[in-house]
Amino acid sequence: MPIISRRTLLKGSAAAATSFALGAGLAARNGIAAPTPVLLKAQFTEARLAADGVTPKIMTYGLGDGTATGVPPVLRMKKGEPFAARLLNALDEPTTVHWHGMRIVNSMDGVPEMTQPYVYPGDGFDYAFTPPDAGTFWYHPHCNTLTQMGHGLTGVIVVENPADPIFDAEIVLNLRDWRLGRGGEFLPPFKPRDAARGGTYGTVRTANWQQEPMHQAPAGGLLRVRLAATDVTRIYILGIEGATAMVVALDGNPVDAPFPLDRLDFGPGQRVELIVRMPDDEGAVVKLGNFRGSSPFTIASITATGQSLKRDIRDVRPLPANPIAEADLSTAEKIPLDFTATAEHAPSPSICGTIGYTFWAINKVPWPGDTPDPVAPLSDLKLGKSYVLQVRNRTPHAHPIHLHGMTFRILKSNTRKILPPPTDTILLQPDEQAELGLVADNPGDWLLHCHIIEHQKTGMTGYFRVA
């Protein structure tokens with residue numbers, strides 16, 4: 001396949017720089033100072049993730065001069081204000097940055113061959129956009145995704161809304177597994193037989209690169225907890241012990257009415273925001289846990305500190321809604337989408353990596369890989385028109401199906417009673433059939449794929465063209 005040349009790369013970077021300049025000019029006309037780009041350096045580091053050794057050649061992002069190591073930083077932005085970042089690639093392979101869940105311009109979406117050129121080792125790329133929505137999002141590469149994400153390149157984004165209520169404390173948790181063997185060495189990222197099923201699980205479970213980390217929050221206070229499932233495989237059933245918690249947002253959008261956390265499913269790519277009412281007694285411990293499967297485990301613990309603030313969980317109100325367009329169901333066109341297994345064959349070679357198998361498909365077509373000439377779009381959507389995606393999971397495995405660049409609402413489902421707010425990801429349960437309403441309000445080519453990365457890389461990917 002043709003490889004993008006350095007000249008093409010520089011043209012792409014120049015286009016991004018032009019986009020940044022236009023955004024800066026618009027910001028200036030609106031009385032907003034042009035943003036200073038965040039320097040985001042993709043680089044190697046090492047860390048003690050397992051108890052029996054230091055893991056070498058972890059991939060992470062550093063800020064500023066790039067000397068920071070450890071868990072990728074939480075990037076904080078403000079709703080409606082320009083943001084800019086300059087990616088520098090200090091890895092030994094191409095990479096990009098995808099701003100997961102964010103409804104931004106297509107040229108900034110970070111998908112190689114589709115929206116931007118690869119960023120080769122030693123090169124850079126300028127990203128510039130204005131986040132239209134407040135909430136919890138995340139960032140990760142869309143190149144050699146299984147290895148790069150599996151080796152650490154996942155970070156959380158918080159887009160702040162000045163209209164949000166102020167809580168007594170906030171904790172951000174980046175949830176992910178690591179496939180590590182003896183001495184902390186990386187294991188192969190997947191097993192083919194598992195990739196053809198539910199996915200290959202990691203051996204070390206972490207939150208912010210720590211096993212069962214301990215945090216603190218004011219006793220009797222209202223604590224905002226933002227969780228992002230950035231793992232390549234693991235699906236969680238979230239629960240809490242030792243406190244009461246209300247769910248206030250899912251996948252970057254506020255729920256219509258906060259509801260108590262009992263057990264909540266969420267999978268790779270999804271986010272949850274909770275308000276936890278901390279115990280009144282100093283030293284009391286709250287545990288967030290995963291209750292999926294036969295071996296529940298603690299995700300993180302939070303210890304109450306100081307004299308009780310005596311807050312009331314009943315004071316928690318809905319967060320301000322994001323400006324999401326609602327589909328006009330009277331005129332909406334219906335698009336059937338079947339998620340299935342497929343006959344095994346080798347995918348096309350790709351500079352962004354292939355794991356050498358095809359197991360999955362959308363509408364009987366397996367994605368061939370990141371190539372200059374991919375399969376035809378799942379559908380051509382007319383800009384501004386409403387659509388209903390009729391999604392059907394024809395497999396015995398769950399699939400977190402994620403849409404880039406746009407937001408949909410789950411209109412109905414044959415398996416769930418509670419429908420979430422507008423979202424970018426639906427955790428399709430085995431044999432689930434659902435209808436998703438959306439307005440095609442963002443022009444460009446937008447990926448739709450399973451966020452179990454082995455499924456994504458083995459065929460369960462497609463895209464919509466909005467024009």
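Strands are DSSP runs of E with at least two residues, numbered from the N terminus. The structure described here is a predicted model, in which local features need pLDDT of at least 70, side-chain atom pairs count only at pLDDT 80 or more, and totals for chains, interfaces and linings use all residues. Residues are numbered from 1 along each chain as its sequence is written, and side-chain values use heavy atoms, with hydrogens and water left out.

Rolling a probe the size of a water molecule over the atoms shows where empty space is left. On a 1 Å grid over the protein atoms alone, a pocket is an open set of points where a 1.4 Å probe fits, with protein on both sides within 12 Å along at least five of seven lines; its lining residues have an atom within 4 Å of a point. The largest pocket has a volume of about 580 Å³, a volume being the space filled by probe spheres set on the points, which are joined across faces, edges and corners. Its lining consists of 28 residues, and R263, L264, D265, R416 and I418 are the closest to the centre. At least two lining residues come from each of β14 (244-250), β15 (253-260), β16 (264-266), β17 (271-277) and β26 (425-428). By type, the lining comprises 16 nonpolar residues (Ala, Val, Leu, Ile, Met, Phe, Trp, Tyr, Cys and Pro), seven charged (Asp, Glu, Lys and Arg) and five polar (the others, Gly among them).

The salt bridges follow. Side chains of opposite charge can pair when their charged atoms come close. With a salt bridge defined as a side-chain nitrogen of Lys or Arg within 4 Å of a carboxyl oxygen of Asp or Glu, the structure holds 22 of them.

In one of these, K78 pairs with E160, and the closest N and O atoms are 3.1 Å apart. K78 belongs to strand β3 (residues 75-78) and E160 to strand β8 (residues 155-160), so that distant parts of the chain, 82 residues apart, are linked. A further salt bridge joins D126 to R86, with 2.5 Å between the closest N and O atoms. Because D126 lies in strand β6 (residues 124-129) and R86 in strand β4 (residues 83-89), this pair ties together parts that are 40 residues apart in sequence.

R394 is in the loop between β23 (386-393) and β24 (399-403), and D338 is in strand β20 (residues 333-341), 56 residues apart. Salt bridges that share partners join R76, K78, E160, D164, E170, R224, R226 and E273 into one network.

Definitions and conventions: Helices (H or I, at least four residues) and strands (E, at least two) are DSSP runs, numbered from the N terminus.
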